[in-house]
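Biologist: I want to learn how to read a model like this one. Can we go through it feature by feature?

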Amino acid sequence: MSPEKIEVKVSFKPEEDAILARAGGKPPISLKLSDQSIAPLELALISLGACAALDAYKLLSIRGGLVDEISVDVVMERSGGGAARAVELRFAIRADRVGRREAEEVITRSIEKYCSVGELFREALELDVKVRLLKKRRPSSSASSP
Amino acid sequence: MPLFRGWYSQDGWRTKLVLINRVDEPANLRIKLFRGEDGPLLASFRLRLKPKEIRFYSLDRVKRVAGEAGIVLIDSDKPVFCGGHLINLKDEMKVLDYRLPRIDEPQSCC
């Protein structure tokens, strides 16, 4: 297989205090670098969480899981000097037809082997995974007959 | 991790799973049995196959699927062969043998 290139263009405009990012022909995203906005490092952690959640969804679904929602808290630990040391991914999964142990195994393997963003982090950091399984919400039976 | 998907029936049929470990290491399997295509998970259990072990596993042993039929999913951490052997209870000359197809795990999102 020939190597694939993924290219993004990032530009910083000091006067506007903003970062503009483009990936191929897709609509650009801009980040205003005020105190209230998402920092570039946080954006990287969001990418990791998003990739991990999407891969987890695919792997649980093909195992018969009925997934309502996957949320991931991505927590980075930094040393006093600011260097990143470890990242913990805390998954909360609302699903049926899947057990907690199975979800934990599948997701850990997904982070270790499949997740392409996780692969970039894994080169430099220790990635730890925790999984909490929540049962699917049943539709409320509040409808009353006339 | 190989994942296999097939159909079992304990409803007028008796299903045996044929499990063959193809490597020289133990294989850990997780077997899940559902009601029909989209129904609830009825039973989930683990099996460990010794190196190169061949095992017939009768679903008569799983009480929770008595009278049921549906999807069987087998997740293995090693390369294995999975087959299904179904015998009709009224006419034991009616036998179905099939190989559970392997489902490829999807590529990463990006």
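Biologist: Which pattern does chain B follow, read along the sequence?

Modeller: First, some ground rules. This is a predicted model, in which local features need pLDDT of at least 70 and side-chain atom pairs count only at pLDDT 80 or more, while totals for chains, interfaces and linings use all residues. Residues are numbered from 1 along each chain as its sequence is written, and chains are lettered from A and ligands numbered from 1 in the order in which they are written. Helices (H or I, at least four residues) and strands (E, at least two) are DSSP runs, numbered from the N terminus. Chain B reads β-β-β-β-β-β-β-β-β. That is nine strands and zero helices.

Biologist: How does the radius of gyration of chain B compare with the globule rule?

Modeller: The radius is taken over C-alpha atoms, and the rule is 2.2 Å times the number of residues to the power 0.38. Chain B has 14 Å, close to the 13 Å that the rule gives for 110 residues, so chain B is as compact as a globular protein of that length. Its C-alpha atoms fill a box of roughly 45 × 35 × 20 Å along the principal axes.

Biologist: In what order do the five strands of the open sheet in chain B stand?

Modeller: Pairing comes first: two strands pair if DSSP finds at least two bridges between them. In chain B the order is β4-β3-β6-β1-β9, and the pairing is antiparallel. β4 and β9 (102-103) of chain B stand at the edges with a single partner strand each, so one side of each has no neighbour in the sheet.

Biologist: How many bridges join β3 to β4 of chain B?

Modeller: Eight bridges join β3 (residues 27-34) to β4 (residues 41-49) of chain B, and these strands run antiparallel. Pick out B:Lys32: its bridge partner in β4(B) is B:Ser44. β3(B) and β4(B) form a hairpin with six residues between them. In that turn, B:Gly36 has a positive phi of about 65°. Further along the sheet, β1 (residues 3-9) of chain B pairs with β6(B) over seven bridges, in the antiparallel sense. There, B:Tyr8 has B:Gly70 in β6(B) as its bridge partner.

Biologist: Now chain A. How many helices and strands does chain A have?

Modeller: Chain A has three helices and six strands. Along the sequence they run β-β-β-α-β-β-α-α-β. The radius of gyration of chain A is 19 Å, whereas a compact globule of 146 residues would have one near 15 Å. The C-alpha trace of chain A spans about 65 × 45 × 45 Å along its principal axes.

Biologist: Which strands are at the edges of the three-strand sheet in chain A?

Modeller: That open sheet has the order β1-β2-β3, with antiparallel pairing. Its edge strands are β1 (8-13) and β3 (29-32) of chain A, each pairing on one side only. β2 (residues 18-23) of chain A pairs with β3(A) over four bridges. There, A:Ile19 has A:Leu31 as its bridge partner.

Biologist: Which residue in the turn between β4(A) and β5(A) has a positive phi?

Modeller: A:Gly82, with a phi of about 100°. The hairpin has five residues between its strands. β4 (residues 66-78) and β5 (residues 84-96) of chain A run antiparallel and are joined by 12 bridges. A:Ile70 stands opposite A:Ile93 in β5(A).

Biologist: At what angle do helices α1 and α2 of chain A pack?

Modeller: Axes are lines fitted to C-alpha atoms, for helices over the stretch in contact, and angles run from 0 to 180 degrees between N-to-C directions. Helix α1 (residues 40-62) and helix α2 (residues 100-114) of chain A pack at about 125°, with axes 9 Å apart. That makes α1(A) oblique to α2(A); under 35 degrees counts as roughly parallel, over 145 as roughly antiparallel, 65 to 115 as roughly perpendicular and the rest as oblique.

Biologist: Which residues of α1(A) make the contact?

Modeller: Residues are in contact if their C-beta atoms, placed from the backbone, lie within 7 Å. α1(A) gives A:Ala52, A:Asp55, A:Ala56, A:Leu59 and A:Leu60. Among those from α2(A) are A:Val106, A:Ile107 and A:Tyr114. The contact divides into nine nonpolar, one polar and one charged residue. Ala, Val, Leu, Ile, Met, Phe, Trp, Tyr, Cys and Pro count as nonpolar, Asp, Glu, Lys and Arg as charged, and the others, Gly among them, as polar.

Biologist: How many residues of chain B are in contact with chain A?

Modeller: 17 residues of chain B contact 15 residues of chain A. On the chain B side, the elements giving two or more residues are β3, β4 and β6 (69-76). That side has 11 nonpolar, two polar and four charged residues.

Definitions and conventions:
Contact = placed C-beta atoms within 7 Å.
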